[in-house]
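This report looks at two residues in their setting and then at the chain around them. Please keep the sequence and the structure in view while reading.

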Amino acid sequence: MELTAAANEFLRATEDRLGQVLTQASNGVAASDTLGNAARHLCIGGGGKRLRPLMVHLFGRAVGAAPSPLLHVGVAAELVHSASLLHDDVVDQGMFRRGRPTVNALWGNIVAVMGGDLLLCVALDELATLDRAVTASAVSTVAEMTRATIGEVEARGDLSLRPEQLRAIAEGKTGALFGFCGAAAATLAGKPEVARRFDTFGRHLGVAFQIADDLKDLTGGDPGKAPFADIRSRTPSLPLLLAAASDADVRRCLKELWAFGSMPDVLVSAAMGEARSELHREISRGLDALGAYAQEPGGEQLVAWTKALGEAFVEGIQA
């Protein structure tokens, strides 16, 4: 989807603001210290798509929210996302992200964890001048993301995990922050009933994102990540659990896979179909949640953008 001039301007302002908050000594991020360098390594020039700030802009346009406070929300959402990536790379022992060495690969786990914590503090500071309900929502979102990450770790190697349990983990890890982007925009516009609607949309879209990532792990569709990384870490994914729940042979095959580390083609094939269908169902449910706001200017762009993402998911999976 081609972005409007207003969207491009918002993203440029987001980049400028990120550069400011990640070089200020007053908030604990000095230009030359180790934690500052670690924080900027991922946030600035790291290849991030800025999907969350873009969502904030589109949600805000749909409800007529003022651009200035929306910018603070978009920056905060990007900082929370970056913090979660720093922590995830420690949990998963990831050495590369977006084609570059991770912070833990360059500076070690301690710097990565502390750098992530610092980014969370900067994110909350960015929201300090806004409605307190937005800050409270951000805190709840970070807590939900944290619980979901622990849930994912505890689920490793567990074939008894039900698909709906794994979906809840995906919603917490990814959907909660997408939902925050929409809910915060509606809150700033003084429309709490729309905040719930936008939160629902974001959560469904986040689950679709996670399913797409799970599928790419099986097909090698993510150029910045080695295929079968989740398999090697015994991390259950929705495609695999859906396949295992519907086919005893696939379940047995997956058990052997986690025991011996081979990757039979039949398992990849069995995992693809239902997971693709579930991905599109999540997108459809999210679009339904927009209701009449799907016809608003920002809402129309959200719909077009979401449909384009759905098509890109499939293209990336098939690539």
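Leaving aside residues up to four places away in sequence, Thr 141 touches Ala 176, Leu 177 and Phe 180, where a contact means heavy atoms within 4.5 Å. This is a predicted model, in which local features need pLDDT of at least 70 and side-chain atom pairs count only at pLDDT 80 or more, while totals for chains, interfaces and linings use all residues. Residues are numbered from 1 along each chain as its sequence is written, and side-chain values use heavy atoms, with hydrogens and water left out.

The side chain of Thr 141 also reaches the backbone oxygen of Ser 137, at 2.8 Å. Thr 141 lies in helix 7, and Val 139 is found in helix 7 too, which covers residues 132-154; helices here are DSSP runs of H or I with at least four residues, strands are runs of E with at least two, and both are numbered from the N terminus. The table sets out the accessibility of these two residues, with buried meaning under 20% relative accessible area, exposed over 50% and partly exposed in between (1.4 Å probe, protein chains only).

| Residue | Relative accessible area | Class |
|---|---|---|
| Thr 141 | 6% | buried |
| Val 139 | 43% | partly exposed |

Val 139 and Leu 124 are separated by 15 residues in sequence, and their C-alpha atoms are 8.0 Å apart in space.

Turning to the chain, there are 14 helices and two strands, and 51% of its 319 residues count as buried. Among contacts between residues at least 6 apart in sequence, 73% join residues at least 24 apart.

Definitions and conventions
Polar contact = N/O pair within 3.5 Å; in protein donor to acceptor, adjacent residues only side chain to side chain.
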